[in-house]
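This report covers strand pairing, charged side chains and surface features of one protein model. The sequence and coordinates come first.

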Amino acid sequence: MSTVTLVRHDRSVAFCAEVQDEVGTRTIPLPRGRFDVGASSRCAIVLSDRAVSATHLVLEVEEDRVVVRDAGSRNGTFVGPLRVREASAQPGTIVTLGRSTITLRVASAYADEIDVEPLPTLAGSSMAMRRVAAQVRRLSQSRFPVLIRGESGTGKELVAHALHALSPRKHKPFVAINVTSVPRELVESEFFGHEKGSFTGAHARRRGAFEEAEGGTLFLDEIGDLPLDAQPKLLRALDGYAIRSVGASGAQARDVRVIAATHAPLRDRVRDGLFRRDLFHRLEVFTIELPPLRDRRGDIAPIARVILRSMESDVGEKQLSSSGLARLAAEPWPGNVRELRNVILRAAALSPNEVVDAFDVDRALGVRSGPSNDPPSHKRPRAEDALTPDLARTLVREHHGNVSAAARAAGVPRTSFRKLLNRRPGE
């Protein structure tokens, strides 16, 4: 069983460095002085990264700032998206070297650092995600409801899967329902099932989600969009009442743990009369807050590695350069990991090289840096030229059959995208 350890830092230290390399994440206190950073064992901060020079950079820690100085590295040092020889950094600054990152933090924010094994389903082990991992590992052993809150694309369903996989219910079903995809008139049937002939079109008995999840976990995504008239029925189920399927004469108790997720502020919906207060309090027995990607930019490197590995069959074996990683780490990512995945997919598909650099990332983001001085033979391909039918079909699967969303992710017009989907092999 995983343990949670609290690491006490010297409170006289002003800064600390959250280091993420190929083997994981660690937090290093930075008292005033000089710190050599690189792959050599002689460095004060040693990185496991083949793209990092023996002594790659130097951190000069002063009372109110950290000076970052490149030490003649072969791949360069990046502060934000810019390659630098020397720069002044403040808390929150991301320093990229090789395929690793160093996030500078205020040391007092890490007075109680959590040392816990990251979740296997979520890439990235920043301090923010280790706090989430600690919560998940504790709450996985409970049977009470959990409410997962976070912006779209932060990985709420992955956290729900982790709660189930680490729980005593892991050998029983995990059933997921996106509330927004269920027609209002079918919500009760979707949750509780129906009997044959109970309404027009009910040609056979149908098992509901509670019955399908018997002994396991029921995940209700976007619970804030549950119609108001269906909320009392869900409340009764959560309060331990027996569940009655539509058209049934009797009721039956179900052993199901409910995990709900929302990107919407439920307290505001309660205030506006769109969500029942009693249901809200029943769901928020325990709450897990997922941080947006912009608040854990150090996780972008490990997340990107996982994403690139997952799409090797479509785009080939690709790696991010230091400049490409620095460019990704500088973005605010309002769409979080889902948006990051789309951009990496476009960048990898458009790049003619094995290494995806900042130019590829800019093209994928739609950033125009002005007219190119490259000769015509060196111009980068258009998205339509780089996209293959197989890659287009992969995008459609990633977007649950939504062709318009897949075309936007690919960065090509919908008409061109549809033509590519309809292309026969060999054409």
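Which residues point one way from β17, and which the other way? R257, I259 and A261 point one way, V258, A260 and T262 point the other way, and all are buried. Buried here means under 20% relative accessible area, exposed means over 50%, and partly exposed lies in between (1.4 Å probe, protein chains only). Strands (E, at least two residues) are DSSP runs, numbered from the N terminus.

This is a predicted model, in which local features need pLDDT of at least 70 and side-chain atom pairs count only at pLDDT 80 or more, while totals for chains, interfaces and linings use all residues. Residues are numbered from 1 along each chain as its sequence is written, and side-chain values use heavy atoms, with hydrogens and water left out.

## Strand β17 and its partners

Strand β17 spans residues 257–262; 6 of its 6 residues are buried, so the strand is largely enclosed by the rest of the structure. Two strands count as paired if DSSP finds at least two bridges between them. Strand β14 (residues 146–149) pairs with β17 in the parallel sense over 4 bridges, and I148 stands opposite A261 in β17. Strand β16 also runs parallel to β17, joined to it by 4 bridges. F219 has I259 in β17 as its bridge partner.

D221 belongs to β16, which covers residues 217–221. D221 is buried yet has no salt bridge, and K156, the nearest side chain of opposite charge, is 5.3 Å away. A salt bridge is a side-chain nitrogen of Lys or Arg within 4 Å of a carboxyl oxygen of Asp or Glu. Apart from neighbours within four places in sequence, D221 is in contact (heavy atoms within 4.5 Å) with K156, I177, N178, V179 and A261.

Strands of a sheet pair through backbone hydrogen bonds, either parallel or antiparallel. An open sheet of 5 strands has the order β5-β4-β6-β7-β10, and its pairing is mixed. β5 (45–46) and β10 (86–89) stand at the edges with a single partner strand each, so one side of each is left without a neighbour in the sheet.

Strand β4 (residues 33–38) pairs with β5 in the parallel sense over 2 bridges, with V37 opposite I45 in β5. β4 and strand β6 (residues 57–61) run antiparallel and are joined by 5 bridges. Here F35 stands opposite L59 in β6.

## Salt bridges

Side chains of opposite charge can pair when their charged atoms come close. The structure holds 17 salt bridges.

| Salt bridge | N to O distance |
|---|---|
| R69 and E60 | 3.6 Å |
| E62 and R65 | 2.8 Å |
| R296 and D299 | 3.0 Å |

Salt bridges that share partners join R34, D36, E60, R69 and E86 into one network.

## Surface and loop features

F144, V285 and F286 form a nonpolar patch on the surface, with about 240 Å² of accessible area together. Patches are made of residues with over 30% relative accessible area and no salt bridge; like charges are joined within 9 Å, and nonpolar side chains (Val, Leu, Ile, Met, Phe, Trp, Tyr) within 5 Å. Accessible areas come from the Shrake-Rupley method with a 1.4 Å probe, and for residues only the protein chains shown count as cover. F286 lies in strand β18 (residues 286–289) and is partly exposed, at 31% relative accessibility.

G92 is in the loop between β10 and β11 (94–97). With a relative accessible area of 43%, G92 is partly exposed. G92 and I102 are 10 residues apart in sequence, and their C-alpha atoms are 9.8 Å apart in space.

Technical notes:
Lys and Arg count as positive and Asp and Glu as negative; His and the chain ends are not counted.
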